[in-house]
Amino acid sequence: MQEVNEPIICSPFREPDFHWFIDEGKPCEKVAGRRPSVYYYRPPGRGTGSGEGSEIGQPIELKLVNEIRERVKIWRNEGYPGIGRTTFELLHYWKRDGRLKRFFFCQLEAIETIIFLIEGRADLKQGLDIPREELPENTRWPDGKDGEEYRGFIRYALKMATGTGKTMVMGLVAAWSILNKVNDRSDSRFSDLIFVVCPNITIRDRLAELDPNGGESSIYRIWDIVPPNLMDKMRSGRVVITNWHILESHNTNQVGGTGAKVVKRGRESDSAFIRRVLGKAGATKQNIIIFNDEAHHAYRLFQERPDEWDDMTKEERDEWLEDRKEATVWIDGLDRINRGLGINFCLDLSATPYFLNRTGNEANTPFPWIVSDFSLVDSIESGLVKIPQLPIRDTTSDETPAYFNVWRWVMQQLTTGERGGKRAQPKPEAILKYAHTPIATMAGLWREKYYEWLKESDRYPTPPVFIIVCRNIKLARMIYEWIADDNCPTRIPPLGIEELRNKNGEINTIRVDSKVILETDTEASKDDETKRMRVTLDTIGKIEWPNSKAPQRWIELAEKMDLPVISPPGRDVRCVVSVAMLTEGWDCKTVTHIIGLRPFMSQLLCEQVVGRGLRRTVYDPNEDDMLPEEISKVYGVPFEIIPFKINPQGPTPRPPKIHHIRAVSPEKDKYKIKFPRVDGYAFAIKNRIKVDWDTIPRIQLDPSKIPPEVEVKHLNVNKKGKFSLMGPGRADRDTLQQWRDSSRLQAEKFDLAKSLAKEYGSKPGCEIPIHELFSQMLDIVNRFLGEKIICPDGQDIKDTFLSPYYGWAVERIIEAIQPDTESGEQPEMPIYERNRPHGSTFDIDLWTSRPVREVIHSHVNYVVADTKKWEQSVAYYLDKHESVEAFVKNSGLGFAIPYLHNGQPHDYIPDYLVKLKYEDGSTGMVILEVKGYDQLQEIKKDAALRWVRAVNAEGNYNQWKYAVVSDPAKTNEVIVGCIEGYIS
């Protein structure tokens with residue numbers, strides 16, 4: 001098998017120009033051009049991961065997406081014919097050269113697609129037919145309205161992988177619509193009222209940045225979506241953000257607490273509903289725009305119960321009923337708004353805009369109104385997300401490796417009694433008996449990562465996070481107590497990863513139930529502990545509170561429960577045991593390891609779980625404008641439609657050095673530089689027992705049944721839609737070695753002897769003191785391990801201390817113990833920024849993997865080099881020159897000079913700001929450019945000199961000069977020229 005080691009092959013800032021093409025039985029090929037948009041259809045009834053890994057479904061092209069994609073590209077290249085002036089200015093502002101915060105291509109393509117569909121020239125859209133949502137026959141307007149058929153509202157879906165910036169796209173669309181509407185109130189294509197609906201309050205609170213009245217903390221200023229001079233116009237529009245629960249109609253049969261027996265008013269009227277949801281100002285608007293965030297929750301239902309209802313557990317039924325309520329309330333609420341005000345169009349945003357298996361629609365198919373797609377495969381190849389590593393083969397030699405679908409593999413090992421009968425309700429202990437080994441493998445890998453991060457605490461101020469997703473509360477509670485408290489089920493030893501235990505007041509592992517998610521999503525929880533757990537979950541990996549201030553609801557709760565307020569409660573959490581899929585909108589960037597211990601009924605659920613571990617920690621591109629690889633390991637989530645990462649065998653390459661660039665204060669405050677600016681920036685018988693050693697059974701450590709190692713790599717799909725090993729990346733071999741390294745054999749023997757003594761000593765009639773029983777058990781354990789364990793190559797005697805081997809050992813030793821007739825004994829046992837009129841070096845706070853150099857005469861700790869030698873050389877001369885009082889590299893500083901070129905606005909980002917001291921004691925500033933040949937050099941110079949003249953004339957920011965260094969060796973000469981005045 002030919003392997004390559006380059007999963008990331010495209011820049012996130014450009015349209016993908018390559019993709020990996022995989023054909024069955026052939027080496028993968030790096031092909032020029034963009035991958036067509038496709039999805040993989042699996043007929044209902046074939047549970048995901050139920051068959052062999054190659055049977056993932058039939059690939060079906062999303063023809064509408066591919067057609068629109070090509071037309072948008074042509075339209076873009078032609079200069080966006082048909083658009084208005086406001087849109088033209090916004091597009092060029094978003095795409096201008098020199099932006100300090102650049103948008104990803106997928107974000108710009110998404111907004112361009114919406115603009116094209118609304119403003120694009122008619123002939124370019126000819127023949128495009130975007131399907132409307134199918135409705136039941138004879139559907140009428142909500143609440144009657146006899147005789148008038150209801151067609152629903154127009155929906156456009158943007159399919160964007162988790163972590164690619166859907167919120168940013170919402171901000172771009174909102175700015176485009178509001179500013180266009182403000183500039184032309186008569187244009188019905190636009191709206192200055194945007195209504196955003198999301199699944200829960202976590203997302204709602206995070207989406208608050210979409211409110212333009214948030215000032216400099218809004219997404220429009222933080223990410224420079226709207227120019228400062230247009231923010232007043234932007235604030236004249238409204239963005240209303242809510243969770244779907246607000247759309248549930250209120251029963252108005254009460255007045256001042258008086259019930260329906262007295263006053264009968266019936267269901268809330270449309271007008272009252274709209275005033276409550278949108279406010280008085282919103283109720284007067286017409287033709288509004290809807291954003292459905294996580295839009296796979298917003299669909300119309302066509303069936304009462306799913307076909308598999310009788311085989312579902314109570315929790316699965318409750319989950320389905322909640323999903324049904326959510327979908328119904330969501331869509332019904334939008335229908336009422338459409339009736340009352342009219343919906344211009346509805347923008348659906350989701351990584352998985354698919355109909356669920358149990359909706360009654362055409363199950364497992366995407367929404368037909370998807371108009372743009374940037375899939376997880378595209379996101380991986382562009383480096384926008386972490387690369388998931390999934391098992392591809394192991395020592396069992398089965399076509400599907402055991403840990404690819406841990407739940408199915410465990411169920412195959414269980415007896416009929418353990419499995420729980422027809423409905424498959426296995427006891428938690430039975431699940432853990434076999435899940436112990438994959439958990440130990442993953443926990444060992446997590447522990448290794450934990451200590452790697454400790455060595456780079458500047459880069460990783462919070463620990464890596466290990467997620468275990470369980471089927472039900474009973475299993476989650478047992479797994480949690482086993483990991484966090486060493487509360488072990490019978491014949492299952494401790495996990496032995498001390499770093500995950502809760503001890504000495506440290507909470508390293510938490511458990512999150514569905515109740516925590518459901519009640520806090522709706523703000524219905526009255527239980528303080530539930531509220532505390534939700535805040536803990538939402539702040540995992542966060543170094544500080546948003547805007548550096550704890551929310552008032554946490555301050556009040558913390559004071560009531562006597563908890564610390566300053567640091568987010570989830571900052572140092574290392575492991576999360578969950579029943580739910582955690583929560584959508586959960587943006588923890590430090591998830592590195594995931595295990596699923598539950599059945600997965602659809603690929604949507606798989607992507608939701610895997611998506612919790614896909615957000616990157618760093619978005620700093622290298623010199624080739626590419627993002628470096630980041631990886632998450634995933635067991636037990638049978639995600640079959642994406643490629644996943646393989647590392648070369650052997651030691652993991654050290655990640656590129658990440659440097660924290662910041663002002664050194666107060667030690668170097670004398671080197672502070674201030675300048676006029678436009679923008680700013682933004683983790684237990686009596687005495688003796690004996691054993692008949694001739695009859696006690698042996699235990700064979702069998703890698704063909706319980707894999708001690710697994711190979712992981714990208715789970716690639718070939719052109720036929722089948723699972724393939726021929727994809728990019730070299731196979732990485734995950735083994736138990738990390739867990740073995742953390743385990744001491746003598747300690748494991750002692751623990752086994754202790755467990756044996758405890759179990760046998762608790763049996764009726766055993767009167768031997770526990771300490772004497774323990775010493776005899778230890779002798780038995782030593783002999784048992786030496787004589788009765790068959791340990792083939794590739795296994796380690798320590799593996800005996802993993803379930804199910806451990807349970808078998810306890811069982812066989814207990815059963816083999818006999819009363820010592822010579823002694824007469826009888827045994828038995830048992831993890832803002834604000835815009836100012838000026839900027840300064842205090843504002844610099846960024847991380848970079850680019851080369852850096854330490855300097856003395858700078859307020860900032862390092863000079864970041866954007867060239868191989870020139871800028872480093874110039875920094876040396878500046879640092880040594882006696883006339884240079886201070887200097888700073890313009891990296892993360894926010895200093896820019898605007899200019900126009902070819903009719904488009906650009907930002908010129910000079911290389912250095914230098915503060916010079918003159919012989920008379922005065923000081924002056926120099927904008928210093930390090931430049932070889934540049935065809936725009938004269939244009940930039942002219943713009944710089946114009947800037948200098950204007951600033952000098954205003955007079956509040958010292959006197960400035962502009963100079964160019966075309967040869968580093970002439971830096972001193974340029975400085976002298978500025979001092980003596982012949983460079984001005």
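Analyst: Let us begin with a term: a residue is buried when its relative accessible area is under 20%, exposed when it is over 50%, and partly exposed in between, with a 1.4 Å probe and the protein chains only. Helices (H or I, at least four residues) and strands (E, at least two) are DSSP runs, numbered from the N terminus. In strand β6, both faces are covered: L193, F195 and V197 are buried on one side, and I194, V196 and C198 are buried on the other. The model is a predicted one, in which local features need pLDDT of at least 70, side-chain atom pairs count only at pLDDT 80 or more, and totals for chains, interfaces and linings use all residues. Residues are numbered from 1 along each chain as its sequence is written, and side-chain values use heavy atoms, with hydrogens and water left out.

User: Why is β6 described as largely enclosed by the rest of the structure?

Analyst: Six of the six residues of β6, which covers residues 193–198, are buried, so the strand is largely enclosed. For the protein as a whole, 58% of the 984 residues count as buried. The protein has 25 helices and 36 strands.

User: Which strands pair with β6?

Analyst: Two strands pair if DSSP finds at least two bridges between them. Strand β7 (residues 238–243) runs parallel to β6 and is joined to it by six bridges; there, C198 has N243 as its bridge partner. Strand β8 (residues 288–293) also pairs with β6 in the parallel sense, over four bridges, and F195 stands opposite I290.

User: What is the order of the strands in the open sheet of six strands?

Analyst: The order is β7-β6-β8-β9-β5-β10, with parallel pairing. At the edges are β7 and β10 (370–374), each of which pairs on one side only. Angles rest on axes, which are lines fitted to C-alpha atoms, for helices over the stretch in contact; they run from 0 to 180 degrees between N-to-C directions. With direction ignored, neighbouring strands of this sheet are turned by 15° against each other on average. Within the sheet, β8 and β9 (residues 343–350) pair in the parallel sense over six bridges, and N292 has D348 as its bridge partner in β9.

User: Which strands of this sheet does helix α3 touch?

Analyst: Contact means heavy atoms within 4.5 Å. Helix α3 packs on the sheet, touching β5 (155–160), β9 and β10, and its direction makes about 165° with that of β10. All 15 of the 15 residues of α3 are buried.

User: How is the span of a helix judged?

Analyst: The expected span is 1.5 Å times one less than the number of residues. Helix α21 (residues 770–787) has 18 residues and reaches 25 Å from its first C-alpha to its last, close to the 26 Å expected.

User: Which residues of α21 are buried?

Analyst: An α-helix has 3.6 residues a turn, so residues three or four places apart point the same way. In α21, the buried residues include L773, M777, I780 and F784.

User: Which residues have the most contacts inside the largest nonpolar core?

Analyst: A nonpolar core is a set of buried Ala, Val, Leu, Ile, Met, Phe, Trp, Tyr and Cys residues joined through side-chain atoms within 4.5 Å. The largest one has 106 residues, and those with the most contacts inside it are W94, W176, Y220 and I225. Helix α4 (residues 166–183) gives the most to this core, with eleven residues. Apart from this core lies another of 77 residues, among them A443, F466, A757 and I817.
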